[in-house]
Amino acid sequence: MIDYISGKLATLTPTMAVIDNQGIGYGVEISLQTYDALRDKDSATVYIQRQVNPRDGSEVDYGFSSKEERELFREITGVSGMGAASARMILSSLSSEELRNAILSEDVNRLKSVKGIGLKTAQRMVLELKDKLVKGDGAGVEVLFQSNAGAAVEEATTALQMLGFSKPNINKALQAILKETPSASVETLIKAALQRL
């Protein structure tokens, strides 16, 4: 399994990127969100998600400029009836933050504004993803915390899990702390979380 590819950006279009890594060109399908992030770069790191087409067994690699976007892609494709093409369309139409906010606030109209997403699909997305985003079940820390403290949050989460606390409770506590102190250090996060857990 390939987790990420780093290298020279050989080709970049709004739907595809080719990363040259030691003379091998890796072609990955991308969203407009990733295209915008890579547009002015000579080299890049893309996080990979391989999807297998259930009809013919063909494999397609999707590339993302952040782990957060990849995690959202995984969550969207986990919704019944949602495929990789729909997930890419959603991530091309809405930023990760806009998508997260639309799901958490149950803004069905915002989701419906994406081409190919109807009322029932938008409602199903809210129903199936809202709890995951709130509780953190299956969602990466990157999805839950929109701040520059991503590495600190990951470290604090790992430390608190090793102390025996559950991930949903940790995520809830850290989210509250980051609202008050967006640039909290690892130590601050852990100490403050221990008072809340």
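## The loop at glutamine 22

Glutamine 22 sits in the loop between β2 (16-21) and β3 (24-29). Helices here are DSSP runs of H or I with at least four residues, strands are runs of E with at least two, and both are numbered from the N terminus. This is a predicted model, where local features need pLDDT of at least 70, side-chain atom pairs count only at pLDDT 80 or more, and totals for chains, interfaces and linings use all residues. Residues are numbered from 1 along each chain as its sequence is written, and side-chain values use heavy atoms, with hydrogens and water left out.

Glutamine 22 is not a glycine, yet its phi is positive, at about 55°. Most residues other than glycine have a negative phi. Glutamine 22 is exposed, because its relative accessible area is 78%. The cut-offs, for a 1.4 Å probe and protein chains only, are under 20% for buried, over 50% for exposed, and partly exposed in between.

## The loop at glutamate 106

Glutamate 106 lies in the loop between α4 and α5. Its phi is positive too, at about 55°, and glutamate 106 is not a glycine.

## Aromatic pairs

Rings of Phe, Tyr and Trp (its six-membered ring) pair if their centres lie within 6.5 Å; planes under 30 degrees apart are stacked, over 60 edge-to-face, and the rest tilted. By this rule there are three aromatic pairs. One of them joins tyrosine 4 and tyrosine 47: the ring centres are 6.1 Å apart and the planes stand at 55°, so the pair is tilted. This pair links distant parts of the chain, with tyrosine 4 in strand β1 (residues 4-12) and tyrosine 47 in strand β4, 43 residues apart. Tyrosine 4 is partly exposed, at 48% relative accessibility. Tyrosine 47 is buried, at 18%.

Tyrosine 62 and phenylalanine 73 form a tilted pair, 5.1 Å centre to centre with 35° between the planes. Tyrosine 62 is in strand β5 and phenylalanine 73 in helix α2, 11 residues apart. Tyrosine 62 has a relative accessible area of 10%, so it is buried. Phenylalanine 73 is buried as well, at 0%. Tyr62, Phe64 and Phe73 form one aromatic cluster.

## Nonpolar cores

A nonpolar core is a set of buried Ala, Val, Leu, Ile, Met, Phe, Trp, Tyr and Cys residues joined through side-chain atoms within 4.5 Å. The largest has 24 residues, and Ile76, Ile90, Leu99, Leu111 and Met125 touch the most other members. Which elements give two or more residues to this core? They are β5, α2 (67-77), α3 (84-93), α4 (96-104), α5 (108-112) and α6 (119-135). Helix α6 gives the most, with five residues.

Leaving out residues up to four places away in sequence, isoleucine 76 touches Met82, Ala87, Ile90, Leu91, Leu99, Met125 and Leu129. Contact means heavy atoms within 4.5 Å. A second, separate core has 15 residues, including Ala152, Leu160, Leu174 and Leu178.

## The largest pocket

The largest pocket holds about 240 Å³ of space. On a 1 Å grid over the protein atoms alone, a pocket is an open set of points where a 1.4 Å probe fits, with protein on both sides within 12 Å along at least five of seven lines; lining residues have an atom within 4 Å of a point. Among the lining residues are Gln51, Arg55, Tyr62 and Met82. Strands β4 (43-52) and β5 (59-64) are the elements that give two or more residues to the lining.

Conventions: Grid points are joined across faces, edges and corners, and a volume is the space filled by probe spheres set on the points.
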